[in-house]
Amino acid sequence: MSERNRLRSLFTLVWLNGLIPIRTQPLFLVNLLASPLSFLFFITIVSGGRLLAYGITGGMILTMLSVGTGLQSDLTHYRHDLKFQDIVVASPVEAPVYVAGMALSELVYSLPGLAVFVALFVVKGYATVESLAVLTGTLVLVWGFASALAFTLATYFQDVRETFLFSPLISLVLTVLPPVYYPLSVLPGWAQFVAHFSPTTYAAGLVQGAVGLAPLSFVGAAVDWGVLVGFTAGLFLLAALKARWKEP
Amino acid sequence: MTSAVLAQDLRKVYPGSSSGSAALEKLTLEVPTGRVYGLIGRNGAGKTTFVRIAATQLEPTSGELTVLGYDVRREERAIRARIACVPQESRPLYFLNVEEVVYLYLKLRGLDPPEARRRTRDALEELSLTEYRRRMVSRLSGGLRRRTLCAMVLASDADVLFLDEPTTGLDPLARREVWEAIRRASREQRTIILTTHYLDEAEALSTRLALVERGRLMLEGSPAELRARVRYPYRVTVQGSYPREELESYGQVSEIEGGYLVFTREAEARDLAKRALERGLRLSMGPVSLEDIFLDVVGKSIEENSVEEAES
């Protein structure tokens, strides 16, 4: 397949899975907004507005992770219930193009959520060239590893109901338990150690550091970027080696 | 003639199954290019497993399989560029309309938009789907959904098409429209591998047929060759009473409503017809149908298997 055809396939998937479904069900656009906004509301009310900034930065990370859980459900549904993956496998479309197209299409659903959080980010005065660059880079990496993980898991699930089981667990392990909605420093020592096994700890550390919520040295930022890129590359490698495009 | 699909000692044991329960067992067959090749067999006989391996969706356990000369293990990419598949029990995406299902599939395969549009229009027309082109898949009957999937792959640029039970749920008229589209694709020198439970469909469309039972190839050839290979290639139905012992001297006899069904050879069939007419009985006579062959071969296989199981 030529590069031009790969791009055509990729954007066809974005059109097919990202834009057309909104025509039949516009609620898809607000679906990914629900959980992060709930957290923001809860945190802001409970803290009397003191932790609003954490609600905004955490909300953006959660929105990107939700892209992964949505992707996981769609891929599993398409594979088992519709046999769409089998149709695509028996075609010139390669697995990375399929995953990238589907992951980009899920990003469409996250746009309203991101728009709300970016607007709050700007209104609250956190937007600088540096913080926006860090935010963009971090969110791209979170989207990347969440998509790679979603694809790998989706090729193992035997039924779409399994995704209902795993999605909340993934959210719990990657969003609620690690310091995405609060500073790492509030955790006891052993919990801080455990939190470092989650890539979202590094993503949150970078974003919180960029907006001045937590101190972050140059070396600390470099380590966070390195680990986050490493996690993402590792999950891409896992997807390349372990995801089942062709069934065993 | 080059082979479109060539399988040699193909074996498939699904992970978690015991090695004794192979879905395919030393299956060897050759599908010529530019023809319709029918795969028939009972549920679970191994037809879909074969199609999925050839369509590069499933790994074989052992043996060789090439599609248009490319190996399914080492040259998947070359195969995938040349094939299209309607999997068994597949459904089009419910939020698309009929035209989008076909058009977006063609674009997904990398076709230019004008070419994709032209092929979509032609395929919808060919399968009488033009009037439904703007209808959402979620509002289509099961038969129309299946027909839409057929239009999708028939509109593609693929040289080899795998159609796994493509006409399940279609009414007789719609089935014939799909048949005509399949014949047209075959006239364009495309190879169609068709699995079906409708034996009349297999017979009407296929230039060659393979009967698979318990993962093994039981019979292979053109419909005429399959008939020639069975012990009794003629069937005679006799309406009325006739001494059963006399009928049994002609071949295999079974009772049917109001008479007998006799499987026999051509000369014996003529003789039996003559005698039945002399007795003033009504009769019909002709070559065995594919269904008769199927029941004979599969029936024997079931009997043999029961004996083997009882002995072990």
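1. Chain B is split by its assignment, which comes from an automatic or database source, into domain 1 (3-227) and domain 2 (231-311). The C-alpha centres of domain 1 and domain 2 of chain B are 35 Å apart. Domain 1 of chain B gives 13 residues to the contact and domain 2 of chain B gives 10 residues, with contact counted when C-beta atoms, placed from the backbone, lie within 7 Å. On the domain 1 side, the elements giving two or more residues are α7 (199-205), β9, β10 and α8 (223-229) of chain B. That side has eight nonpolar, no polar and five charged residues; here Ala, Val, Leu, Ile, Met, Phe, Trp, Tyr, Cys and Pro are nonpolar, Asp, Glu, Lys and Arg charged, and the others, Gly among them, polar.

2. Please keep in mind that this is a predicted model: local features need pLDDT of at least 70 and side-chain atom pairs pLDDT 80 or more, while totals for chains, interfaces and linings use all residues. Residues are numbered from 1 along each chain as its sequence is written, and chains are lettered from A and ligands numbered from 1 in the order written.

3. Chain B has an open, mixed sheet of six strands in the order β6-β7-β8-β3-β9-β10; strands are DSSP runs of E (at least two residues), helices runs of H or I (at least four), numbered from the N terminus. Its edges are β6 (83-86) and β10 (216-221) of chain B, each pairing on one side only, where pairing needs at least two DSSP bridges. From one strand to the next the twist averages 15 degrees. Four bridges join β6(B) in parallel to β7 (residues 160-164) of chain B, and Ala84(B) has Leu161(B) as its bridge partner there.

4. Which strands does helix α1 (residues 47-54) of chain B touch? They are β3 (36-40), β7, β8 (191-195) and β9 (208-213) of chain B. The direction of α1(B) makes about 150 degrees with that of β8(B), using lines fitted to C-alpha atoms (for helices, over the stretch in contact) and N-to-C angles from 0 to 180 degrees.

5. Strand β11 (residues 234-239) of chain B alternates: Tyr234(B), Val236(B) and Val238(B) point to one face and are buried (20 or more other C-beta atoms, placed from the backbone, within 10 Å). β11(B) pairs antiparallel over six bridges with β14 (residues 282-287) of chain B, where Met285(B) partners Val236(B).

Key. A residue is buried if 20 or more other C-beta atoms lie within 10 Å of its own, exposed if 12 or fewer, and partly exposed in between; C-beta atoms are placed from the backbone. Two residues are in contact if their C-beta atoms, placed from the backbone, lie within 7 Å.
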